[in-house]
Amino acid sequence: LGIERMEREGAYFKKNFRSHEVIPAGILENHDKPRIINGGIYFMHIGESCSRMHLLKSDEIYHFLLGNTVLITVLRPDGTTDNIRLGQNILDGELLQYKVPGGCWHGSRLLEGEGYALMGTVMSPDFEDEDYTDVDDLPNGIEDLIAKYPEQECEIRKLEKAKF
């Protein structure tokens with residue numbers, strides 16, 4: 001698939017499409033320049049890799065494709081949280097697809113920390129670097145997230161310590 005390691009976020013990815021259509025400047029809230037309508041990537045966890053906690057301006061839709069169960073931790077601005085399991089065991093409550101709303105902190109890892117998982121993600125508008133906020137951009141890093149979401153401390157720390 002030609003996947004590469006994501007330097008800031010962790011895990012692995014490969015851009016696999018970008019729309020040819022453009023949304024004009026001033027149409028979308030929080031976006032002040034023309035934007036590609038949508039784009040997608042292959043996204044992969046291998047072993048102890050993870051996607052560190054990060055925030056995006058737009059919704060990101062995850063699609064589970066192959067492999068082991070993935071845990072996505074979502075931290076909403078209103079203080080509520082979720083731990084979503086993506087995987088193929090839908091009879092056990094795993095989801096094949098999940099939308100992380102824009103403006104929510106989120107990160108992911110393999111539930112068992114071994115094997116692999118291949119997913120796809122789609123964003124609309126397409127991802128631009130300025131849409132991304134890393135946990136390192138916070139004044140006190142992960143400690144700021146832990147202070148606001150203490151019930152997710154264990155998961156936030158796991159995502160910070162995982163190898164990528």
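Colleague: Buried or exposed: which word applies to Phe 43 and Tyr 62?

Modeller: Both Phe 43 and Tyr 62 are buried, a word kept for a relative accessible area under 20%, with exposed meaning over 50% and partly exposed the range in between (1.4 Å probe, protein chains only). This is a predicted model, in which local features need pLDDT of at least 70 and side-chain atom pairs count only at pLDDT 80 or more, while totals for chains, interfaces and linings use all residues. Residues are numbered from 1 along each chain as its sequence is written, and side-chain values use heavy atoms, without hydrogens or water.

Colleague: How many aromatic pairs does the structure hold?

Modeller: Two aromatic pairs are present. In one of them, Phe 43 and Tyr 62 are 6.0 Å apart from centre to centre, with 75° between the planes, and the pair is edge-to-face. The rule pairs rings of Phe, Tyr and Trp (its six-membered ring) if their centres lie within 6.5 Å; planes under 30 degrees apart are stacked, over 60 edge-to-face, and the rest tilted. Helices (H or I, at least four residues) and strands (E, at least two) are DSSP runs, numbered from the N terminus.

Colleague: Why is the pair of Phe 127 and Tyr 132 called edge-to-face?

Modeller: The ring centres of Phe 127 and Tyr 132 are 6.5 Å apart and the planes stand at 75°, so this pair is edge-to-face. As for cover, Phe 127 has a relative accessible area of 28% and is therefore partly exposed, whereas Tyr 132, at 12%, is buried.

Colleague: How do you know that Cys 50 and Cys 154 are too far apart for a bond?

Modeller: The closest cysteine sulfur to that of Cys 50 is in Cys 154, 13 Å away, which is too far for a bond. A disulfide needs two cysteine sulfur atoms within 2.5 Å, and the structure holds zero disulfides. Cys 50 has a relative accessible area of 0% and is buried; Cys 154 has 52% and is exposed.

Colleague: What makes strand E6 (residues 50–56) largely enclosed?

Modeller: Seven of its seven residues are buried, so strand E6 is largely enclosed by the rest of the structure. E6 pairs with strand E11 (residues 105–110) in the antiparallel sense over four bridges, and three bridges join E6 to strand E13 (residues 132–134), also antiparallel. Two strands count as paired if DSSP finds at least two bridges between them. His 54 stands opposite His 106 in E11, and the bridge partner of His 54 in E13 is Asp 134.

Colleague: Why is Glu 155 counted as buried?

Modeller: Glu 155 has 9% relative accessibility and therefore counts as buried. Glu 155 lies in helix H2 (residues 153–161). Neighbours within four places aside, its contacts are Leu 71, Thr 73, Asn 83 and Arg 109.

Colleague: How do you know that the radius of gyration agrees with a compact globule?

Modeller: For 164 residues, a compact globule would have a radius of gyration near 15 Å, and the protein chain has 15 Å, so the two agree. The radius is taken over C-alpha atoms, and the globule rule is 2.2 Å times the number of residues to the power 0.38. Of the 164 residues, 43% count as buried. The protein chain has two helices and 13 strands. Among contacts between residues at least 6 apart in sequence, 74% join residues at least 24 apart.

Note on methods. Contact = heavy atoms within 4.5 Å.
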